[in-house]
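Please bring up the model first.

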Amino acid sequence: MGDATTGVLLTNLGSPAAPTAAALRRYLKEFLGDRRVVELPRLPWWLLLHGIILNVRPPRSAKLYRRIWTPEGAPLLAISQRQRTALERLLAERLDPPPPVALGMRYGEPSIARALAALRDAGCNRILVLPLYPQYFAGTTGSTFDALAAALVRWRRVPALRFVDGYHDDPGYIEALAASLRELWEREGEPERVLFSFHGIPVRYARAGDPYPEQCQRTANLLAAALGLPYERWLLAYQSRFGREPWLEPFTDVTLREWPAAGVRQVDVVCPGFAADCLETLEEIAIQNREFFLAAGGERFRYVPALHE
């Protein structure tokens, strides 16, 4: 490694270790137990989580994961590992000596603590932390910082840190998204409409000051402008809502059920908030919502893969 002291830590949400109810229960217990993810009074939520949710949801989620599981394991983890390797290779071509790149998941393995330890063992005393969330949300980006701090609290020497809190309007990110759509359209033709689907959050979180919805709107506006899409040909919507409280609208699934009745027969769905395909894109969008759209009278549904190929 020579005299290099800087390392890069890539992070993402994480995945269960296997598409089984037992593995999903462990994963969901950690995920839904995060105070950043579910901002409810602890005791009532703990009783609901352990009394009902962790008994009911794991078998259902395991069934969904089995629909997208690959020989490499969970798609999100496999793709994230390839992203780490690709970034390390790119940095090796441009920097001498090249910085080591580690991958840590907020929930599950490899953990953020394990990834930090690997960078420490490589001699790094400066670390660039890049959570792979384009738009800032307290339950993802903020929670990543919490995990980072929790891991470092036991270190004698804390490394110098640079923490990237998002890249929702970065020109390179917007152009990469636009290029992936242009390539598809040049090859297979343009759709009648484009739906930009982002992961939803409770309205309460946005009202508390989370910048997430504004950043999603900024990303969508910039992407539509880069593609030259007039306002009537695209829409921003939110997916993956959970629970009974109000979430950001419009909803992706409701929109895709309604569009055919309005005469929309061809649609492309892109998810600009996901740096790697996962359950929410490969199963929820590419399978479930495709079925919703076609069953409602749509004729062509295309999911545009995330930027990882």
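This is a predicted model: local features need pLDDT of at least 70, side-chain atom pairs count only at pLDDT 80 or more; totals for chains, interfaces and linings use all residues.

**Strands, a pocket and some rings**

Q: What makes β5 and strand β7 a pair?
A: Four bridges join β5 to β7 (residues 266–270), and the two run parallel. Strands pair if DSSP finds at least two bridges between them, so four is enough. Residues are numbered from 1 along each chain as its sequence is written, and side-chain values use heavy atoms, leaving out hydrogens and water.

Q: What pairs with β5 in the parallel sense over six bridges?
A: That's strand β6 (residues 234–239). Across this pairing, Phe 198 stands opposite Tyr 238 of β6.

Q: Why is β5 called largely enclosed?
A: Five of the seven residues in β5 (residues 193–199) are buried, so the rest of the structure largely encloses the strand. Buried means under 20% relative accessible area with a 1.4 Å probe, counting protein chains only.

Q: Which residues lie nearest the centre of the second largest pocket, and which element gives the most to its lining?
A: Gln 83, Ala 176, Ala 275, Leu 307 and His 308 lie nearest the centre, out of 31 lining residues (lining means an atom within 4 Å of a point). Helix α6 gives the most, with nine residues; α3, α6 and β8 each supply at least two. By type, the lining splits into 20 nonpolar, four polar and seven charged residues.

Q: How many aromatic pairs does a search of the whole structure find?
A: The search finds 10. One of them is Tyr 27 with Phe 31, at 6.2 Å centre to centre and 20 degrees between the planes. Rings of Phe, Tyr and Trp (its six-membered ring) pair if their centres lie within 6.5 Å, and planes under 30 degrees apart count as stacked, so Tyr 27 and Phe 31 are a stacked pair. Both sit in helix α1 (residues 21–32), four residues apart, about one turn of the helix.

Q: Why is the pair of Phe 137 and Tyr 205 called stacked?
A: Their centres are 6.1 Å apart and their planes at 20 degrees, so the pair is stacked. This pair links distant parts of the chain, 68 residues apart: Phe 137 is in the loop between β3 and α5, Tyr 205 in helix α7. Phe 137 and Tyr 205 are both buried.

Q: How do you know that the charged end of Arg 257 sits over the ring of Phe 292?
A: The distance to the ring centre is 3.6 Å. The rule asks for CZ of Arg (or NZ of Lys) within 6 Å of the centre and within 35 degrees of the ring normal. Arg 120 lies over the face of Trp 155 too, at 4.5 Å from the ring centre.

Q: Why is Ser 240 called buried?
A: Its relative accessible area is 14%, so Ser 240 falls under the buried cut-off. Phi of Ser 240 is near 65 degrees, a positive value in a residue other than glycine.

Definitions and conventions. Buried means under 20% relative accessible area, exposed over 50%, partly exposed in between (1.4 Å probe, protein chains only). On a 1 Å grid over the protein atoms alone, a cavity is a set of points where a 1.4 Å probe fits but cannot get out, and a pocket is an open set with protein on both sides within 12 Å along at least five of seven lines; lining residues have an atom within 4 Å of a point. Ala, Val, Leu, Ile, Met, Phe, Trp, Tyr, Cys and Pro count as nonpolar, Asp, Glu, Lys and Arg as charged, and the others, Gly among them, as polar. Rings of Phe, Tyr and Trp (its six-membered ring) pair if their centres lie within 6.5 Å; planes under 30 degrees apart count as stacked, over 60 as edge-to-face and the rest as tilted.
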